[in-house]
Amino acid sequence: MLNRIKAFFETREPPERDEDALQAAAAALLVEAARTDDTIAESERERILAVTRQRFGLSEEEAQDLLSAAVFDTEDASPYHRYVSVIMERCPPDQRLWIIEMLWEVAYADGELHDLEASLLRRIGGLLHVSDVERGEARKRVLHRLGLPDDAGLPV
C-alpha cells in the first residue's frame with residue numbers, strides 16, 4: 001500500500017486503484033485542513049489517523065504511512081485542487097459528503113474552529129459540489145460525535 005501511495009504523490013498521477021487514489025487525496029485534504037494555521041497540532045494528527053483508520057479500514061501503520069506521505073506532499077504549495085479532482089473523478093456525488101465530515105473532524109480536533117479552517121471547508125465543499133446545507137448538517141453530526149455544542153466555533 002505504501003508504494004502505491006508514494007507513487008500517487010511522486011508522479012502526480014492518480015493510481016489505478018480508485019480506493020488508493022481516494023485515500024491519498026482525502027489524506028492530503030485532511031493535512032491541508034490541519035495545516036491552515038501553519039502547524040499540525042498533535043490533536044489534529046491523531047484525528048487524521050483515527051478518521052483514516054475508521055473510514056478506510058487501515059491498520060495503524062498504514063494510516064501512519066498515508067499521513068506521512070500526505071504531509072510530505074503538501075509541504076510546499078496548497079495543491080488541494082488536484083486532490084479534489086481525484087475525489088470528483090472517482091467518487092460518486094452522493095458519496096462525497098464523507099470527506100467533508102472527515103475535514104470537520106480535523107478542524108475541530110482542538111475543540112475550536114478557526115477562520116481559515118472554516119474558509120477551507122467552504123471552498124472544498126463548493127469544489128466537491130456539497131451544498132452549504134449538507135456541509136452544515138455534516139458539521140452538526142461531527143460536533144455531536146465529538147461531544148461539542150452545536151454552536152462551537154464559527155457559524156457556517
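The buried residues of helix H6 are Trp98, Ile99, Ile100, Glu101, Met102, Leu103, Trp104, Glu105, Val106 and Ala107, where buried means under 20% relative accessible area, exposed over 50% and partly exposed in between, computed with a 1.4 Å probe on protein chains only. Because 10 of the 11 residues of H6 are buried, this helix is largely enclosed by the rest of the structure. The cover over these buried residues includes helix H2 (18-34), H3, helix H5 (80-90), helix H7 (115-127) and helix H8 (132-146), contact being defined as heavy atoms within 4.5 Å. The model is a predicted one, in which local features need pLDDT of at least 70 and side-chain atom pairs count only at pLDDT 80 or more, while totals for chains, interfaces and linings use all residues. Residues are numbered from 1 along each chain as its sequence is written, and side-chain values use heavy atoms, with hydrogens and water left out.

Read from the N terminus on, the elements run α-α-α-α-α-α-α-α. Of the 156 residues of the protein chain, 47% count as buried, and among contacts between residues at least 6 apart in sequence, 70% join residues at least 24 apart.

One such link between separate parts of the sequence can be followed through aromatic rings. Rings of Phe, Tyr and Trp (its six-membered ring) pair if their centres lie within 6.5 Å, with planes under 30 degrees apart counted as stacked, over 60 as edge-to-face and the rest as tilted; by this rule the count comes to two aromatic pairs. Phenylalanine 56 and tryptophan 98 form an edge-to-face pair, at 5.7 Å centre to centre and with 85° between the planes. Since phenylalanine 56 lies in helix H3 and tryptophan 98 in helix H6 (residues 97-107), the pair ties together parts that are 42 residues apart in sequence. Both phenylalanine 56 and tryptophan 98 are buried.

Phenylalanine 56 also belongs to the packing of H3 against H4. The axes of H3 and helix H4 (residues 60-73) come within 9 Å and cross at roughly 120°, axes being lines fitted to C-alpha atoms, for helices over the stretch in contact, with angles from 0 to 180 degrees between N-to-C directions. That angle makes H3 oblique to H4, because angles under 35 degrees count as roughly parallel, over 145 as roughly antiparallel, 65 to 115 as roughly perpendicular and the rest as oblique. H3 passes H4 in a right-handed crossing; a crossing is right-handed if the near helix is turned clockwise from the far one by less than a right angle, and left-handed if anticlockwise. Arg45, Ile48, Leu49, Thr52, Arg53 and Phe56 of H3 make the contact with Glu60, Ala63, Gln64, Leu66 and Leu67 of H4. By class, this contact of H3 with H4 has six nonpolar, two polar and three charged residues, where Ala, Val, Leu, Ile, Met, Phe, Trp, Tyr, Cys and Pro count as nonpolar, Asp, Glu, Lys and Arg as charged, and the others, Gly among them, as polar.

Leaving aside its neighbours within four places in sequence, arginine 53 is in contact with Leu58, Ser59, Glu60 and Ala63. Arginine 53 and glutamine 64, 11 residues apart in sequence, are 9.4 Å apart in space, C-alpha to C-alpha.

H4 also packs against H2, and the axes of H2 and H4 come within 9 Å and cross at roughly 60°, in a right-handed crossing. Here Gln23, Ala24, Ala27, Ala28 and Val31 in H2 meet Leu66, Leu67, Ala70 and Val71 in H4, a contact that divides into eight nonpolar, one polar and no charged residues.

Finally, histidine 129 is found in the loop between H7 and H8, and at 61% relative accessibility it counts as exposed. Phi of histidine 129 is near 60°, a positive value in a residue other than glycine. Most residues other than glycine have a negative phi.

Technical notes: Helix = DSSP H or I, 4+ residues; strand = E, 2+ residues; numbered from the N terminus.
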